[in-house]
Amino acid sequence: MSAVFTIAWRDIRATFASPKGCAIFFFFLGFMGVFFYNFLHEFVKLTERAPMYGGEAPTLEQLLRALFYNLHFILVLVIPAVTMSSFSEERRNQTIRLLQTSPVTATQIVLGKFIATAAILAMVLAVSAVYPLFIKAFGNPDGSLILTSYLGIFLLMCAQLAFGLWVSSMTTNQFMAFLFTMFGLFLLLILNWLAPSFNSGGLFEGLLKYIASTDHLDVFFKGMLTVNDVAYFVCFAALFLFFTNVVLDSQRWR
Amino acid sequence: MIEVSGLTKRFGSVQALRDVSFKVERGQIVGFLGANGAGKTTTMDIMCGCIGADSGSSKIAGFDIMEQPLEAKRRLGYLPDVAPLHMEMRVADYVTFAARLHKVPTLQLRKQVDEAVERLSLGDVRHRLVGNLSKGYRQRVALAQAIVHNPEVLILDEPTEGLDPNQILHIRELIKSLAGQHTIILSSHILSEVQNTCDRIVIIHNGAVVQQGSVEELASQAASGRIYRIRVARNVDQLVPLLNTINQIIAPRVIDKINCEVEFGLSKGADEQIVDEVAKLVVNGGYGLRELALKTHSLEDVFFQLTH
């Protein structure tokens, strides 16, 4: 286990030794800030106008949900940037030789890389909590909804990271890793909308919708926690970590 | 200590290795000699478990690298041809990282890192970033990474590549000082380096081992087909038929008419006293002996013969 943390700790330090770590924080929080400002502005406007038109004022929960949905979009851009270098850079600089000739298993390497990327993004997520906490400080939204939403986002993030690591392990070109991861995650995001055009109402549509991440995330954003949806993300992450492990281990006998 | 048997490896249409086998005893330094692209790095990569072989096996300290990789790798220090350096790390941090990966107990971590840094005289740069160091320093950092956990077996792929003469000398001394407690394989395409540091030599050409033995064995093999050069004052044309009459002399020929130089070889197992006879012949025949010399023979001849 110590080998896993040795590898993870080195990766975390390396990320923050370069401008990369700061850039991730900057873009993530910057975009979140812009969205937050925009949504809040809209929210206040609608709340003011609601009595005039006789409609219902929007709720704080709706504001939060809008915010979290956008987090999903930002992650599609940020995750590939974090995972692209994990293996491809090491393979390109040949530093992977150091890991390959050390008494550590492929599984330990994969877990180390996964924990490193997950820890970096968990830090970003933790800092991004400033926006929901702001709402909490000045209003009274459902606190548990914030918690389940964050849990959902965290699980989604782990699943996406596993996918990104798998792509990264297969190429020595960081740009290719970035591109394929981004399109893969984007496809996963829009699969929900694409599904009906493939096979409307059929079994296949149901399957595609199940694979898509959006529906599962909705449940968390509604403040619910179900075994079904937690299992979806955990299985997703485990599957792609397993794939990464296979890719890495296969280099040993190929 | 190291046992490589029957390694073959094919990259697409290129046959990189054909049935490579050799053994290294405990405490020996073995030179792995070959031209560029002969298969040195491929063999070493397979020995360290970085890539797999199509067939054959490699054992480190009795542990098969494919079957028991963790046990084998625990006893192994590897310096690849491209140094596996993390440019954004500090020297001491990097060496510590390598030590941790190789399961050096936490209590001894500091001591062993200090020792490795000391041995490669990296004390002045231990807090500098690896990326800011010169090539020679980087190579030494990479070497520190390989020896920090005191491995029983050291595999060094062209350890002195890109160093200046002083540093080469330093690294050679270091490698020699490591012998005995460590078993070392080092690859090189520079003969003199191998000749100076190694006990045994394995010569590889086009992916196959063409010769192996101790430095003396190989050198004496080169000597067995010795060639002499003789320079006389006059009548060089008549000297050749005369030399032909001596039994154990083969293929005498004029190589330089103007300077009156003749070259001749001694057949295998020939007595060196033949040379006395030749000298007598020349002096008595009134040719005027000016020079009689053994054409330099060394490992280079063996290497040249085997790889051409």
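## Contact between the chains

In this predicted model, 19 residues of chain A are in contact with 24 residues of chain B. On the side of chain A that touches chain B, α1 (2–17), α4 (96–100) and α11 (227–253) of chain A each supply at least two residues. The largest share comes from α1(A), with 5 residues. Sorted by class, this side of chain A holds 7 nonpolar, 8 polar and 4 charged residues.

## A helix pair in chain A

Within chain A, helix α7 (residues 143–169) and helix α8 (residues 174–198) have axes that come within 9 Å and cross at roughly 145 degrees. The crossing of α7(A) past α8(A) is right-handed. From α7(A), the contact uses Gln160(A), Phe163(A), Gly164(A), Val167(A) and Ser168(A); from α8(A), it uses Ala177(A), Phe180(A), Thr181(A), Gly184(A) and Leu185(A). The residues of this contact comprise 5 nonpolar, 5 polar and no charged.

## Overall form of chain B

Chain B contains 11 helices and 14 strands. Its radius of gyration is 25 Å, whereas a compact globule of 308 residues would have a value near 19 Å. Along the principal axes, the C-alpha atoms of chain B fill a box of roughly 80 × 45 × 35 Å. Of the 308 residues of this chain, 39% count as buried. Among contacts in chain B with a separation of 6 or more, 68% join residues 24 or more positions apart.

## Strand pairing in chain B

Strands of a sheet pair through backbone hydrogen bonds, in either a parallel or an antiparallel sense.

| Strand | Partner strand | Sense | Bridges |
|---|---|---|---|
| β1(B), residues 2–11 | β4(B), residues 55–60 | antiparallel | 5 bridges |
| β1(B) | β2(B), residues 14–24 | antiparallel | 7 bridges |
| β7(B), residues 153–157 | β8(B), residues 183–188 | parallel | 5 bridges |
| β11(B), residues 227–232 | β13(B), residues 261–266 | antiparallel | 5 bridges |

Glu3(B) has Lys59(B) in β4(B) as its bridge partner, while Leu7(B) stands opposite Val20(B) in β2(B). β1(B) and β2(B) form a hairpin with 2 residues between them. In the turn of this hairpin, Gly12(B) has a positive phi of about 60 degrees.

## The four-stranded sheet

A further open sheet in chain B has 4 strands in the order β12-β13-β11-β14, with antiparallel pairing. The strands at its edges are β12 (249–256) and β14 (289–294) of chain B, each pairing on one side only. On average, neighbouring strands here are turned by 20 degrees against each other, direction ignored. Arg229(B) stands opposite Glu263(B) in β13(B). Helix α9 (residues 236–244) of chain B packs on this sheet and touches β11, β12 and β13 of chain B. The direction of α9(B) makes about 170 degrees with that of β12(B).

## Val130 of chain B

Val130(B) is found in the loop between α4 (106–119) and α5 (135–147) of chain B. Why does Val130(B) count as buried? The cut-off is 20 or more other C-beta atoms within 10 Å, and Val130(B) is buried because 21 lie within that distance.

Beyond its neighbours within four places in sequence, Val130(B) is in contact with Leu85(B), His86(B), Met87(B), Met89(B), Val91(B), Tyr94(B), Arg138(B) and Val141(B). Arg90(B) is 40 residues from Val130(B) in sequence, yet the C-alpha to C-alpha distance between them is 5.7 Å.

Key
Residues are numbered from 1 along each chain as its sequence is written. Chains are lettered from A and ligands numbered from 1 in the order in which they are written. This is a predicted model: local features need pLDDT of at least 70, side-chain atom pairs count only at pLDDT 80 or more; totals for chains, interfaces and linings use all residues. Axes are lines fitted to C-alpha atoms, for helices over the stretch in contact, and angles run from 0 to 180 degrees between N-to-C directions. A crossing is left-handed if the near helix is turned anticlockwise from the far one by less than a right angle, and right-handed if clockwise. Two residues are in contact if their C-beta atoms, placed from the backbone, lie within 7 Å. Ala, Val, Leu, Ile, Met, Phe, Trp, Tyr, Cys and Pro count as nonpolar, Asp, Glu, Lys and Arg as charged, and the others, Gly among them, as polar. A residue is buried if 20 or more other C-beta atoms lie within 10 Å of its own, exposed if 12 or fewer, and partly exposed in between; C-beta atoms are placed from the backbone. Two strands pair if DSSP finds at least two bridges between them. The radius of gyration is taken over C-alpha atoms; the globule rule is 2.2 Å times the number of residues to the power 0.38.
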